[in-house]
Amino acid sequence: MVREKETTLYLGPQHPGITGNMMVKLKVQGDTVVSASTHVGYLHRAFEKLIERRNWIQAFTLLCRFCVPEPDPMELTYARAVEELDNREVPERAKYIRVIVMELARMQSFMLWYAGQSGSAGLYLTPQWSVGDRNYILDLFEDLTGGRIYHMYIWPGGVRRDLPKGWTDKTLRTMDYIEKRLDEYNKILFDNTIFQKRAQGVGIVPKDKAIEWGVVGPVLRGTGIRSDVRIDEPYEVYDKIDFDIPTQEGGDVWARALVRKEEVRQSIRIIRQAIADMPEGEYYNKVSNPMKWTVPAGQAWARTESVRGEIGFHVTSDGGNKPYRVHVKGAAYTHGVTVLEKILPGQNIADVSFILNSLGVCPPEIER
Amino acid sequence: MTDLLKENKLLDAITTSFKIEGKVIRDHRVEVNADKNTVSSILLFVKNQLGYIHLAHMTCVDWIDQGEYEMIYTVYSPVDKITLFVKARIDREKPIMENIDTIWDQANTYEREMREMFGIEFPGLIGEHDFILEDWDQIPPMRKEFDTHKYAAETFFTRPGREDAKDVREEINKRSGAKVPDFAKKYSRE
């Protein structure tokens, strides 16, 4: 047996396989990773500190930028934490609108994952398709909120404006289109032998360690554990909607991909039900003067299921017109550091980006 | 209205075992206030005996007026579906807190961040010192007395022409002599 020399390899901070600037320092022997450590610090923007200098509403301009592919779950989680502190009721119609927005956000984020996951396997047709199709969802967001990526649409007390005329019909048409496209995606990605061979048995998260390691979302469900904030602690109107939580056994990249593939279909199912069941009425329990609004002193913890798993906001108020402290914990905080460092040893160098994508690592969320 | 049976049972189990105060905040939410030296024992107890195996979050709140940091450990039970907050206060001048990365590996990341951002020491904490901030020589930036405006003014230079945050259109006008359109008039509906 030939003993190969151990060398150090730096993956990132600029690398097409990483969604944002982050470095993974790898010790490798031949093609095999011996150890890995995550280095962040390239994207620190001190958002949590800056939020302390802004009032409750101004914070929205910052917090939707915690993680670029997923602005809406951040808005909703913060809004829910502030509503809990302020004891503010949300109108029923706004709850339905929020659910629709969250599921659209899940779908557009799925499209980005789909692009990244297949791109890191060397399959370049799928990213073209999915990023193209994602635009149809961004069109819906643009019609609804005026913005394609950052919306600042969900506010404490509801949503900022009602649905535009004809928006629900357009949304239903888009859902029909995307549902058809998902069958085609299956043919080019999930039925593709290259993807299957690359994904099966790679980047395994052990089921017995998953929860202890802080694994959440599709990665956790890929180990066979049925856990989802939408059913464990239902928020908005998720308890009134009929949907399934898909799980898979194995804990590898393949299992996580199959979970996501099914989840996006569930999102379509949720959106159709929410549009059908949505009542007429108020959409915003108005804050009288948002710029002078004070929130009663206290602490609140809100959590929401994003496409990558649980997002939690811990919000502290001292009774003033600004948040005293806001701390966010996204899925990437554990997936991108502890989990990644634990599952990379023994993997092939070529699979590192592939595993990173399947864990849903979003570097700006780690350092904020 | 739920009867909060599970929440009260959890609170009783902890408060009687450790002789500490706590309360049920609402359904799915329980908090206990612990001494800083018993936090790791409580966390071990709830993890091993009561099934609170998911460390959902760890945070620190700087109560500068009271001279204290508030450490908050958020743990969750996938069976009970209850979130438990274990809170403890530490002195903010010499902040030292028990290291719990032997209980949950992922706590290491939170503790490294808090060491940089609040200056809290966690004895026995493994990990390279620089996590997010590199070569930082100021006070820990998440402390309340750290002034971001002052730091920015002293550290970064201002782009010529923006020393006092002037209207950029006026500055362009002055330098190039070009006429800046009056947008308010141009787009007026009258």
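Me: What share of the residues in chain A is buried?

Reply: Burial is a matter of counting neighbours: a residue is buried if 20 or more other C-beta atoms lie within 10 Å of its own. In this predicted model, buried residues make up 51% of the 368 in chain A.

Me: How many residues of chain A are in contact with chain B?

Reply: The size of an interface is often given as the accessible area lost when the parts come together. Here we can count contacts: 25 residues of chain A meet 26 of chain B. On the chain A side, strands S7 (309-317) and S8 (325-329) and helix H12 (331-343) each supply at least two residues. H12(A) gives the largest share, four residues. That side divides into seven nonpolar, 10 polar and eight charged residues.

Me: Is helix H3 of chain B enclosed or open, and what covers its buried residues?

Reply: An α-helix has 3.6 residues a turn, so residues three or four places apart point the same way. In H3(B), 11 of the 12 residues are buried, so the helix is largely enclosed by the rest of the structure. Among them are B:Tyr110, B:Arg112 and B:Phe118. The cover includes H12 of chain A together with strands S3 (54-63) and S4 (68-77) of chain B.

Notes:
Residues numbered from 1 in each chain as written. Chains lettered and ligands numbered in written order. Predicted model: local features only at pLDDT ≥ 70, side-chain atom pairs only at ≥ 80, totals over all residues. Contact = placed C-beta atoms within 7 Å. Nonpolar A, V, L, I, M, F, W, Y, C, P; charged D, E, K, R; others polar.
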